[in-house]
Amino acid sequence: MRVAFLGLGAIGAPMAAHLAKPSFELTVWNRTSAKARTFASRHGSAVAATPAEAVRGAEFIVTCLTSSAQVHEVVTSADGILAGIDGNAVLVDCTSGDPATSREIAALIANRGASFIDAPVSGGVKGAGAGTLTVMCGGDAAIIDRARPVLETFGKKIVRCGDVGAGDAVKAMNQALLAIHIWSTGECLASLSRLGVEARIALDVINGSSGRSNASENLFPERVLDRSFPRTFKLALLEKDIAIASRIAEDAHTPADFIQLAARLFSEARAIVGEDADHVEAVRVIEERAGVKVS
Ligand code: NDP
């Protein structure tokens with residue numbers, strides 16, 4: 001089975017590594033070609049010079065780029081996906097994208113007789129390495145089933161959420177919750193630190209109580225308390241995701257006060273901590289404003 005993987009970033013590279021197996025004939029492409037060459041020499045895949053070259057003859061094409069705007073660009077550019085795609089191919093977009101652009105891309109792909117599913121992932125670079133990601137899919141059920149052998153290499157939980165765009169929408173809302181949990185946990189722990197309650201002790205209580213979340217159970221213990229703040233998922237990407245969530249709620253005319261507040265706070269945080277900072281480094285902004293470390 002021929003597979004092309006486009007986008008070897010922080011999460012794309014460990015996902016693609018699962019496809020570098022004899023049962024898949026893998027070709028990779030990355031905008032910065034040095035990353036693709038390094039990947040290929042490590043995993044034994046082929047490297048393509050352009051997206052068109054990568055996807056020629058491929059049954060499945062996986063994209064994992066910054067956002068839908070970059071996917072659109074890689075699909076439509078002169079040497080892009082549309083210039084090389086086969087009529088029976090499936091484009092599996094694992095980017096955390098926006099539903100409207102995904103629907104546009106799906107229509108462009110359908111014009112060539114090929115198929116599109118949005119399939120954003122959750123579980124971080126750790127889950128990508130372990131092959132335990134959650135994959136939220138939007139698109140035709142039969143096409144998602146066809147793509148399962150590819151999705152199952154890096155995903156453990158694979159769920160069809162609805163038509164094209166539904167995977168992106170669920171992912172965006174998941175990210176809004178992640179952002180809200182990080183910010184609110186940071187504020188609560190900063191207040192408690194001021195009162196002299198150690199964050200380690202507070203988290204021990206909260207994680208046995210009803211205020212717990214992935215932020216309190218994993219992110220704070222593993223990244224904040226030891227001050228390691230590893231850079232695995234850019235805050236800028238989370239800001240992009242919350243903006244998508246905010247737009248979805250606006251278009252749906254549903255209340256979105258928390259989502260809009262999270263969008264504003266993470267936008268401010270990005271301006272302070274910068275483009276390369278990890279999403280959990282938002283806590284540094286709360287600490288700065290509180291005049292206390294979460295410790
Ligand atoms: P990175 O910033 O590490 O990688 C982004 C990738 O997109 C790189 O391969 C980059 O190429 C490529 N790219 C960016 N702009 C363009 C462009 N204009 N044309 C072609 N290629 C481009 O991001 P991640 O790997 O962390 O994230 C990828 C997607 O996965 C995002 O949508 C993110 O929200 C999502 N995600 C990330 C998670 C994580 O833990 N990191 C977790 C879950 C989802 P180049 O190398 O040349 O810069």
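What share of the contacts with a separation of 6 or more in the protein chain comes from residues 24 or more positions apart? I began with this point, working on a predicted model, and I noted that such residues account for 68% of those contacts.

**Entry on the whole chain.** I looked up the secondary structure next and found 13 helices and 9 strands in the protein chain. The radius of gyration came out at 20 Å, close to the 19 Å that the globule rule gives for 295 residues, so I recorded the chain as being as compact as a globular protein of that length. Along the principal axes, I noted that the C-alpha atoms fill a box of roughly 65 × 45 × 35 Å. I then checked burial, and 50% of the 295 residues count as buried.

**Entry on the second largest pocket.** I turned to the second largest pocket, for which I wrote down a volume of about 160 Å³. Its lining is made up of 13 residues, and I listed Pro99, Ala100, Arg103, Ile248 and Asp251 as the closest to its centre. The elements that I found giving two or more residues to this lining are α5 (99–111), α8 (166–194) and α11 (235–252), and α11 gives the most, with 4 residues.

I sorted the lining residues of the second largest pocket by type, which gave 7 nonpolar, 1 polar and 5 charged. Why does the second largest pocket lie between domain 1 (2–162) and domain 2 (169–290)? I put this down to the lining itself, because both domains give residues to it.

Note on methods
Residues are numbered from 1 along each chain as its sequence is written. This is a predicted model: local features need pLDDT of at least 70, side-chain atom pairs count only at pLDDT 80 or more; totals for chains, interfaces and linings use all residues. Side-chain values use heavy atoms; hydrogens and water are left out. On a 1 Å grid over the protein atoms alone, a cavity is a set of points where a 1.4 Å probe fits but cannot get out, and a pocket is an open set with protein on both sides within 12 Å along at least five of seven lines; lining residues have an atom within 4 Å of a point. Grid points are joined across faces, edges and corners, and a volume is the space filled by probe spheres set on the points. Ala, Val, Leu, Ile, Met, Phe, Trp, Tyr, Cys and Pro count as nonpolar, Asp, Glu, Lys and Arg as charged, and the others, Gly among them, as polar. Domain bounds come from an automatic or database domain assignment. The radius of gyration is taken over C-alpha atoms; the globule rule is 2.2 Å times the number of residues to the power 0.38. Buried means under 20% relative accessible area, exposed over 50%, partly exposed in between (1.4 Å probe, protein chains only). Contact means heavy atoms within 4.5 Å.
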